[in-house]
Amino acid sequence: MGTIRVTDLEGVTHTVEAEPGRSVMELIYDAGLPIKAACFGCCSCSTCHVYVDPEWLDKLPPPGPDEEDILDMTAEPRDTSRLSCQITYNDALDGLHVTLAEDTRPD
Ligand code: FES
């Protein structure tokens with residue numbers, strides 16, 4: 001068990017427990033932080049969009065074509081944009097820092 005850090009839409013950074021094999025979206029959701037995650041991991045919405053801290057970007061497998069397509073449709077895509085449901089936590093990601101994008105705001 002490790003932890004990730006999640007900065008919410010108010011700019012507050014939370015430390016969240018992280019279990020290998022779970023997606024970063026699930027970790028954020030289970031911690032009770034507001035994340036819309038409308039399709040809940042099916043890679044068919046943009047409401048789990050996060051910005052990955054640049055120092056962590058190279059430690060993640062690159063996005064697949066489906067994720068790339070969705071990221072193109074997000075409100076404010078950046079070079080550091082990822083769908084958090086497509087990032088599977090493992091021990092090498094202990095300490096990962098992501099920031100929620102506006103797309104994640106619940107209705
Ligand atoms: S929850 Fe819909 S793409 Fe991640």
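Which residue in S5 is the bridge partner of Thr7? Select Thr99: that is the S5 residue bridged to Thr7.

Before going on, a word on what you have open. This is a predicted model, where local features need pLDDT of at least 70, side-chain atom pairs count only at pLDDT 80 or more, and totals for chains, interfaces and linings use all residues. Numbering starts from 1 along each chain as its sequence is written, and side-chain values use heavy atoms, with hydrogens and water left out.

**The sheet**

Color the strands (DSSP runs of E, at least two residues; helices are runs of H or I, at least four, and both are numbered from the N terminus). Five of them make an open, mixed sheet ordered S2-S1-S5-S3-S4; strands pair if DSSP finds at least two bridges between them. Look at the edges next: S2 (13-18) and S4 (81-83) each have a single partner strand, so one side of each is left without a neighbour in the sheet. From one strand to the next, the twist averages 40°; axes are lines fitted to C-alpha atoms, for helices over the stretch in contact, and angles run from 0 to 180 degrees between N-to-C directions.

Now walk across the pairings:
- S1 (residues 2-7) with S2: antiparallel, six bridges. Pick Arg5 and its partner Thr15 in S2.
- S1 with S5: parallel, three bridges.
- S3 with S5: antiparallel, three bridges. Pick Val50 and its partner Leu100 in S5.

**The helix across it**

Select H3 (residues 65-72). H3 lies across S3 (49-52) and S4, at about 120° to S4.

**The core**

Show the largest nonpolar core, 27 residues. Such a core is a set of buried Ala, Val, Leu, Ile, Met, Phe, Trp, Tyr and Cys residues joined through side-chain atoms within 4.5 Å. Among the residues with the most contacts inside it are Ile4, Ile28 and Val52. H1 (24-30) is one of the elements giving two or more residues, and H1 gives the most, four. Center on Val52: its contacts (heavy atoms within 4.5 Å) beyond four places in sequence include Leu57, Ile87 and Leu96.

**Last stop: Ser81**

Ser81 sits in S4 and has a relative accessible area of 6%, so it counts as buried (under 20%; exposed is over 50%, partly exposed in between, with a 1.4 Å probe and protein chains only). Its side chain makes a 2.8 Å polar contact with that of His49 and reaches the backbone nitrogen of Arg78 at 2.8 Å. A polar contact is a pair of N or O atoms within 3.5 Å; within protein, one must be able to donate a hydrogen and the other to accept it, and residues adjacent in sequence count only if both atoms are side-chain atoms.
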